[in-house]
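I opened my notebook to record what I looked up in this structure, entry by entry. I began with the terms, and then went on to charged pairs, helix packing and the surface.

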Amino acid sequence: MNNTKFTETEVNSMRNRLQKLIQTLQNNKEQVPAKVLQTKYKKSYFSLIDTLKQISSDYAGYLILHDIRIHRAYLDEVTALIKRLMDSAGILPQLSAAVFQQYDINQFEALAESLRTGIKEELDLFYGRYSCLLFSENCLKDPAIIPEIYCPVNGCFWLDGKWLPAEDTEKTHSDKSVHS
């Protein structure tokens, strides 16, 4: 779903930058009257606000969607599902308030994690509607070989209680026998 891959260093950098900008905004608001910020310091103040919006959006996107895989054929359905969940949870105003009113990155991260949990729960139900049994040739020849559960929505196999990307699983894993 979110094709952007971030390294751990990039994520830490994004978080640190967001935290620094939040602190700058808090200091500005506590030390300078709002009217002065919006007039005398208008250009730099609104630049700070715009930068905060962009970085908080990018960071929230990462926190909420990292490692969630969706095949493009299902993207519209999943996007609508996520939008409905976000709207019903009223999470966007809360995320915004955590940054622009409470100046609390920890609250921001907790809200993002809460939304991620809800999305993953909904996606598990969605995946279940499209999952199927995948029979290998060996499985068809030997009834003792267990077919696998595959989901085309995320391109993953259900193994050991979690979804594993098809490209990360060994080709021979489909030949596990009931007797092994």
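Before reading any residue, I wrote down that buried means under 20% relative accessible area, exposed means over 50%, and partly exposed lies in between (1.4 Å probe, protein chains only). I noted that this is a predicted model, in which local features need pLDDT of at least 70 and side-chain atom pairs count only at pLDDT 80 or more, while totals for chains, interfaces and linings use all residues. Residues are numbered from 1 along each chain as its sequence is written, and side-chain values use heavy atoms, with hydrogens and water left out.

**Entry on salt bridges**

I looked up salt bridges, each being a side-chain nitrogen of Lys or Arg within 4 Å of a carboxyl oxygen of Asp or Glu, and the count by this rule is four. One of them joins the side chains of Glu167 and Arg69, at 2.6 Å from N to O. This pair links distant parts of the chain, 98 residues apart, with Glu167 in the segment after strand 4 (162-165) and Arg69 in the loop between helix 3 (42-65) and helix 4 (75-89). Here helices (H or I, at least four residues) and strands (E, at least two) are DSSP runs, numbered from the N terminus. I found Glu167 exposed at 56% relative accessible area, whereas Arg69 is partly exposed at 28%.

Next I checked Glu77 and Arg129, whose closest N and O atoms are 4.0 Å apart in a salt bridge. Glu77 lies in helix 4 and Arg129 in helix 6 (residues 105-130), 52 residues apart, so this pair too links distant parts of the chain. Arg129 counts as exposed because its relative accessibility is 57%, while Glu77, at 35%, is partly exposed.

How far apart are the closest N and O atoms of Asp87 and Lys83? I read 3.1 Å for this salt bridge, and because the two are four residues apart in helix 4, about one helical turn separates them.

**Entry on helix packing**

I then saw that helix 3 and helix 6 pack at an angle of about 40°, with their axes 8 Å apart. That makes helix 3 oblique to helix 6, since angles under 35 degrees count as roughly parallel, over 145 as roughly antiparallel, 65 to 115 as roughly perpendicular and the rest as oblique.

**Entry on the surface**

Last, I looked up a nonpolar surface patch of about 510 Å², made by Leu133, Phe135, Leu140, Ile149 and Trp158. Such patches are made of residues with over 30% relative accessible area and no salt bridge, like charges being joined within 9 Å and nonpolar side chains (Val, Leu, Ile, Met, Phe, Trp, Tyr) within 5 Å. Accessible areas come from the Shrake-Rupley method with a 1.4 Å probe, and for residues only the protein chains shown count as cover. I placed Leu133 in strand 1 (residues 132-134).

Conventions: Axes fitted to C-alpha atoms, helices over the stretch in contact; angles between N-to-C directions.
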